[in-house]
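Here are some notes for a colleague who is opening this entry for the first time. Please read them with the sequence and the structure side by side.

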Protein chains: 2
Amino acid sequence: MYKIFVVIFFSISTLFAQNAKNSEPSADEKMFAKIYQGALENGQCYENLRFLCKNIGPRLSGSMQAEKAVVWAKEVLEKLGMQVTLQEVMVPHWERGEKETAYIVEQGKIKNQPLRICALGGSIATGKDGIQAEVIEVHQFEDLAKLGKDKITGKIVFFNRPMKATNINAFLSYSQAVGQRTRGAVEAAKYGAVGVLVRSMNLRLDDYPHTGTMRYQDGITKIPSAAISTNDAETISKLLKQHESVVVNYAMHCKTFPDAKSYNVIGEIKGSEFPNEIIAVGGHLDSWDMAEGAHDDGAGCVQAIEVMHIFNVLKIKPKRTLRVVMFMNEENGLRGATEYAKVAKEKKELHVAAVESDSGGFTPRGFSIDTSWPRMEKMLQWQPLFAKYNVYAFFPGRSAADVGVLKDGRATLVGFKPDSQRYFDYHHAETDVFEAVNKRELELGSATITSLIYLFDKYGME
Amino acid sequence: MYKIFVVIFFSISTLFAQNAKNSEPSADEKMFAKIYQGALENGQCYENLRFLCKNIGPRLSGSMQAEKAVVWAKEVLEKLGMQVTLQEVMVPHWERGEKETAYIVEQGKIKNQPLRICALGGSIATGKDGIQAEVIEVHQFEDLAKLGKDKITGKIVFFNRPMKATNINAFLSYSQAVGQRTRGAVEAAKYGAVGVLVRSMNLRLDDYPHTGTMRYQDGITKIPSAAISTNDAETISKLLKQHESVVVNYAMHCKTFPDAKSYNVIGEIKGSEFPNEIIAVGGHLDSWDMAEGAHDDGAGCVQAIEVMHIFNVLKIKPKRTLRVVMFMNEENGLRGATEYAKVAKEKKELHVAAVESDSGGFTPRGFSIDTSWPRMEKMLQWQPLFAKYNVYAFFPGRSAADVGVLKDGRATLVGFKPDSQRYFDYHHAETDVFEAVNKRELELGSATITSLIYLFDKYGME
């Protein structure tokens, strides 16, 4: 089996090389070249991202900036000639308030040593003077059961399982570790903990706490929940090995307000031949409040918008209805995506494909595709077109959070997958700024997404 | 043809997916997993790079730091259990001297507006007061002939052809544009120019001048040659469109000294079965003087060293003789590589393979391979092993500068190819510092190179 595979793989490489050299480029190959050229020479996505990051900035659901982002997106899509709808949706409204403080109270030579923490999104506050308690370290939820209520009651539970370094796909490491962040407070509270500190979802050691959503559960005491930088997590862990007890104090001033009115921004251009077949491409307009949301998900938004821009530059008139969707509230509720899917279902809309870019503005590697096997076969035939642009990976898997809600057995759902190695250096931390995005990498992503949308539009997916 | 190709491509994808799911991993697959794990969990390359960048720093051939780097490399390789030889070689010794100054003398509202330039490596100085002359812009050498001596004599020739944005491989854009830098002074002097300013080899617009080597030619007047930042190149070009003449003054204080004694550092471990078959892996120890030489080529050095480290961690005893070679003077002379190849020839050494990493410490994409077709076929059979690690590109092409000199029809020469999009943000500029390298990307490169060396060692290339 392995040998057969090897021989075939080798054969295709040879054929590929010969094909590239000897024959006239196909119409699709020519169009791909134009699309990549358009993105790299006449692209607007980088300047759009600059505006979104620098002139609007952090745009957590329910914030003033989120609303500014809605107005901005509407204007940009209208300028591109799209019919724009603002789709109303009620979103959570949580605010961090005054900056958090935290310190190790006293341990050996240490006295009031500051720690870098941030409240997790949705957490309650601590009260003005903070929480002060002994810290107890765990790596798995099972550790809580082993320790038991006696040892945990009255303490701060410190979840310190690192993201696994050896997964090649950094998102896999994230999915394996993020439960500590989302469910840590609930699980620790069951054993009487008074607070939770979670090691930041970050593959490197640095000083930045990474926020992200966390949830409470009815009937379980709500306790304040914070992320701590990986360097500080290492410090506390070392101290706990040296001393019988480590006492930490942390204060957070966050608050949940009543749900706020917001919007998905939907740009549409009717298909010339098959107006009832919808192809959607999107990103999410909201971001966390710690930075500019450049990679998460400013990049995805401007790449989705860029599809329409490149179509305009190349005078491509879509045969199917093209929608550019700026989803609201992916980060802490998915309310925008849920509303979009609900309305689509009510209206009996047929989404043939939906593509989302929500993995950062890095160099493109491929697509994660959620579809039927016959449709996957169709897409695999397009793979060689992308290989020329160093985009090789077409793999079956989950698509992306917002478009994932559209799953109905008909729509082909696609997550655009750029290289994942640097993503968690920035994700939900104050490092996620415009300067962290490389112009060419962002533009190549735009071209890769546009090329796929072009094929969806040209060949359909029914 | 295209259809056949598509079907086969699709088939292999399917087979690949099935192969991955159903069968027990092969011995090679298991070893790859260990190698990648070793690099990501027990790697030393990132800390080695930190030392080379922060404790040694810029290390232009002939400098004190280059000699420190030699001592450091010898120690590191000896600690890894290698027999280390210092191979003497005479190298150029050029120094930048006091920082360059440059300004637009006067034009409309502008008066003494500073420009960011740096001397190109090997250039003569200007004299203390600098050169002051009108600037004339060209894009191609042919433009010089069109303008003629009358228009060029007494002027500063400004080579302003940008690197082409639309090549997916940034190194292709470099090779298309770099002639302006290496040969600009000679070509301009033929027409009576008094100096040369060259647009920096940089794909983005920013404020950093990028140095690099330039050459003079016997019988042609030597004129001072500098790189100018891409932003300043744009500024001058705009002014030239608005005004009849633009006068620039620039002063450089560089100097060429007599050749200095230096060394290639060669670590060796004898093969247990085929000691006469040599597999070499290397990078170049010298760097330009503008920054820390982190991507160029600190990354390549520490990745080559890491091969031996990972072999030690996994207790792999090479069957063939493994050499880790730190070449001296790749940047402005290639003297180290030339000496290494000369000695190898004299001693009738058989290099079966030589791999160099000199394209930055970015996420790995593949290899550029210079070999015979039967040997290429053999290597293509290894491709699926790498695909699991997102390394797909095996293409015939030039290898890398230092190992390229070994070309003798027997040795398989390989250039490791990481993603190229960000490389020219840093190349030969003050931005090429340790912080510009991502730990995981560097480590994945180490693992990718080590895996290839492992296969060369296991299967041979004769």
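1. Two residues are taken to be in contact if their C-beta atoms, placed from the backbone, lie within 7 Å. On that basis, and leaving out residues up to four places away in sequence, A:G271 touches A:E277, A:P318, A:K319, A:R320 and A:T321. The model is a predicted one.

2. Where does A:G271 lie in chain A? A:G271 sits in the loop that runs between β10 (255-269) and β11 (274-284) of chain A. Because 18 other C-beta atoms are within 10 Å, A:G271 counts as partly exposed. Between A:G271 and A:G298 there are 27 Å from C-alpha to C-alpha, with a separation of 27 residues in sequence.

3. Chain A is split into domain 1 (25-94 + 258-459) and domain 2 (97-253), and the C-alpha centres of these two domains of chain A are 34 Å apart. In their contact, domain 1 of chain A takes part with 16 residues and domain 2 of chain A with 18 residues. Helix α14 (residues 423-426) of chain A supplies the largest share of the domain 1 side, namely 3 residues. Sorted by class, that side of domain 1 of chain A holds 6 nonpolar, 7 polar and 3 charged residues.

4. Which residues touch the most other members of the largest nonpolar core? In this core of 279 residues, they are A:L49 and B:L49. Not counting residues up to four places away in sequence, B:L49 is in contact with B:A294, B:G298, B:A299, B:V302, B:F434, B:V437 and B:L442.

Methods:
Residues are numbered from 1 along each chain as its sequence is written. Chains are lettered from A and ligands numbered from 1 in the order in which they are written. This is a predicted model: local features need pLDDT of at least 70, side-chain atom pairs count only at pLDDT 80 or more; totals for chains, interfaces and linings use all residues. A nonpolar core is a set of buried Ala, Val, Leu, Ile, Met, Phe, Trp, Tyr and Cys residues joined through C-beta atoms within 7 Å. A residue is buried if 20 or more other C-beta atoms lie within 10 Å of its own, exposed if 12 or fewer, and partly exposed in between; C-beta atoms are placed from the backbone. Helices (H or I, at least four residues) and strands (E, at least two) are DSSP runs, numbered from the N terminus. Domain bounds come from an automatic or database domain assignment. Ala, Val, Leu, Ile, Met, Phe, Trp, Tyr, Cys and Pro count as nonpolar, Asp, Glu, Lys and Arg as charged, and the others, Gly among them, as polar.
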